[in-house]
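Notebook open, two chains to go through.

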Protein chains: 2
Amino acid sequence: MARQQHAAAPRKGEDALSALIALVRADLDACNRLIVERMQSDVALIPQLAAHIVAAGGKRLRPLLTLAAARMCGYRGSRHVNLAACVEFIHTATLLHDDVVDESALRRGQASANALFGNKASVLVGDFLFSRAFEVMVEDGSLEVLRILSAASATIAEGEVLQLITQNDTTTTEAQYLRVIEGKTAALFAAATEVGAVVADQPPARQAALREFGMALGIAFQLVDDALDYSADQQALGKTVGDDFREGKITLPVLLAFARGSEEDRTFWRRTQEDREQSDDDLAHALELMRRHGALDDTIRRARRYGEQAIAALASFPDTAEKTALANVVAFVTDRAR
Amino acid sequence: MARQQHAAAPRKGEDALSALIALVRADLDACNRLIVERMQSDVALIPQLAAHIVAAGGKRLRPLLTLAAARMCGYRGSRHVNLAACVEFIHTATLLHDDVVDESALRRGQASANALFGNKASVLVGDFLFSRAFEVMVEDGSLEVLRILSAASATIAEGEVLQLITQNDTTTTEAQYLRVIEGKTAALFAAATEVGAVVADQPPARQAALREFGMALGIAFQLVDDALDYSADQQALGKTVGDDFREGKITLPVLLAFARGSEEDRTFWRRTQEDREQSDDDLAHALELMRRHGALDDTIRRARRYGEQAIAALASFPDTAEKTALANVVAFVTDRAR
């Protein structure tokens, strides 16, 4: 299906991200150069496959958070560039492994690495990028950074495994769902911002505040993502529509529609999500049930509340352009759902 | 097919491993306890799947090397127990990812984790164990250890990707093959022994010597493994016979038989290994060609030479029971091929 062109004015959220990028432009350029430099290997397939995903124009949201957080803390060195690259390597490794796990055919609107290069290469290049991230952290030399990012990596894996377990299970609780998205998404956001405080030698309270900011922002991000998976608009994001529905991934929109629905509705959800017996009209019916029960609106509302929590976590930092830019990233994250 | 019982006297190699185990029994027990303790997660599938592979009775060869190397260097503390567990976690993570990559149905004579729990869970639990290894290293606090094991992890991934590239390619060179086995196997042996020297605060020359020992031992180990894959005897190891042949994995026995064979032989190898067109008699014919060209004997001979190199690397260490035990591990590795 053709990608739709949106000729309309840029969204408020996109402006916010542009402002952040403009603020750390030089750092981001250095980070991008470092990413390309450090994903090299004389085993040529590794940079080829890595380039497909690393250099193929993701938003670099997580490394941007590290860069901006460090600058907001008054950091003037260049270590944050290296650590932002580590964050992006870890993110990329999890994407490669996710696509194998999800058997996704598309990633960022393009053929996914596993579809192009095969599952085997995707698993192994993910392992390589993950190891390389730790090598770069070791060169940086901070055990605290290593502690934060190794813990985040373990938490990501736990979140992904829990997602696997809750898939096709309509008895999943909201608490379990929250644990999944904290793990698979928010843990790395939290680590990305916390590391910014660590390189800037901030006191523990500041470090904790930036961690809280990243965690709340990450949860908001994933809530919006899960709502967008049921939104026609998401074609603009280059994703397949209704992926989660087809796979029976139990996200908040489904949990809310299920909890608020009639027994007949629940039979529908069990058939399509647990038994994965789906016919052509089922996605449209799912959307109708979500609309009827306000499931998408309430998911977005929940995201905005986490967004407010993220902004509140920044209260103790002096007002700077970086602080404003980071606070506005919340708008970028939640306005995607407009 | 039924596993054969060998009622004969234990092999010299097995005696060697038993002697090593006896020498570091208390350390090994502590290491095994730590492995079980640190693979826990409240996401229950993680310890379940990990237990299937971690606790299912591998030889613990790599952690044994770390334990014995540290003791040979006169180390009297307990850090080596933690680091031996890290080495085993990294090894286990690569096994889980390997089995996904190889689509293996068996591992150590039992159903492999991917066959029992699915590829997705195997990828993710591998990621978890890998991350956990780094968390434990961070707690230990040595950047040098982190450097050695993160570099080894990247090299392992490179070796595995190179193996993927050379698979089904009979133009693979011996140099490429050596690079594959150095990466996928010997790098972790080398790191395991080097780390033993690091905890014992040994001078750089000693550290390099123990690294060399592990590297040569690891190459010998993989050479023997690759020969055993064409040996009927290997049923005793709990592996499927002829796996490499069926998959078209280009190992030294194939390279030697190919290089020494007639044009007709090469047509056979290209058909079975590159095109993977195989009939029932082909494995027997492959074995006959290897026998005719001394391919298995020469692979084992090569392994013994690396074994001698490993023993020579220990020359500068004082004669102790640990040194003798480590030198005898070479016999354990090469005598498997008897």
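Started at B:H97. Leaving aside neighbours within four places in sequence, I find B:H97 in contact with A:H97, A:V123, A:D127, B:S122, B:V123, B:G126 and B:D127 (contact being heavy atoms within 4.5 Å).

Ground rules before going on. This is a predicted model, where local features need pLDDT of at least 70, side-chain atom pairs count only at pLDDT 80 or more, and totals for chains, interfaces and linings use all residues. Residues are numbered from 1 along each chain as its sequence is written, chains are lettered from A and ligands numbered from 1 in the order written, and side-chain values use heavy atoms, with hydrogens and water left out.

Back to B:H97. The residue lies in helix 5 (residues 79-102) of chain B; helices here are DSSP runs of H or I, at least four residues, numbered from the N terminus. Is B:H97 buried or exposed? Buried, with a relative accessible area of 3% (buried means under 20%, exposed over 50%, partly exposed in between, with a 1.4 Å probe and protein chains only).

Next I looked up its polar contacts (N or O pairs within 3.5 Å; within protein, one atom must be able to donate a hydrogen and the other to accept it, and residues adjacent in sequence count only if both atoms are side-chain atoms). The B:H97 side chain reaches the backbone oxygen of B:V123 at 2.7 Å, and a 3.4 Å polar contact joins it to the side chain of B:D127.

Then the whole interface. Chain A and chain B each put 36 residues into the contact. About 3500 Å² is buried between them, 76% of it from carbon and sulfur atoms; buried area is the accessible area (1.4 Å probe) lost on putting the two parts together, summed over both.

Salt bridges across the interface: two, by the rule of a Lys or Arg side-chain nitrogen within 4 Å of an Asp or Glu carboxyl oxygen. I noted the one between B:R179 and A:D42, at 3.0 Å, N to O. On the chain A side, helix 3 (45-54), helix 5 (79-102), helix 7 (119-140) and helix 8 (143-166) give two or more residues each. Helix 8 of chain A gives the most, 14 residues.

Checked helix 3 of chain A too. Eight of its ten residues are buried, so the helix is largely enclosed by the rest of the structure; A:H52 is one of them.

Last, how do the copies meet? 100% of chain A's interface residues are also interface residues in chain B, so the copies meet through the same surface.
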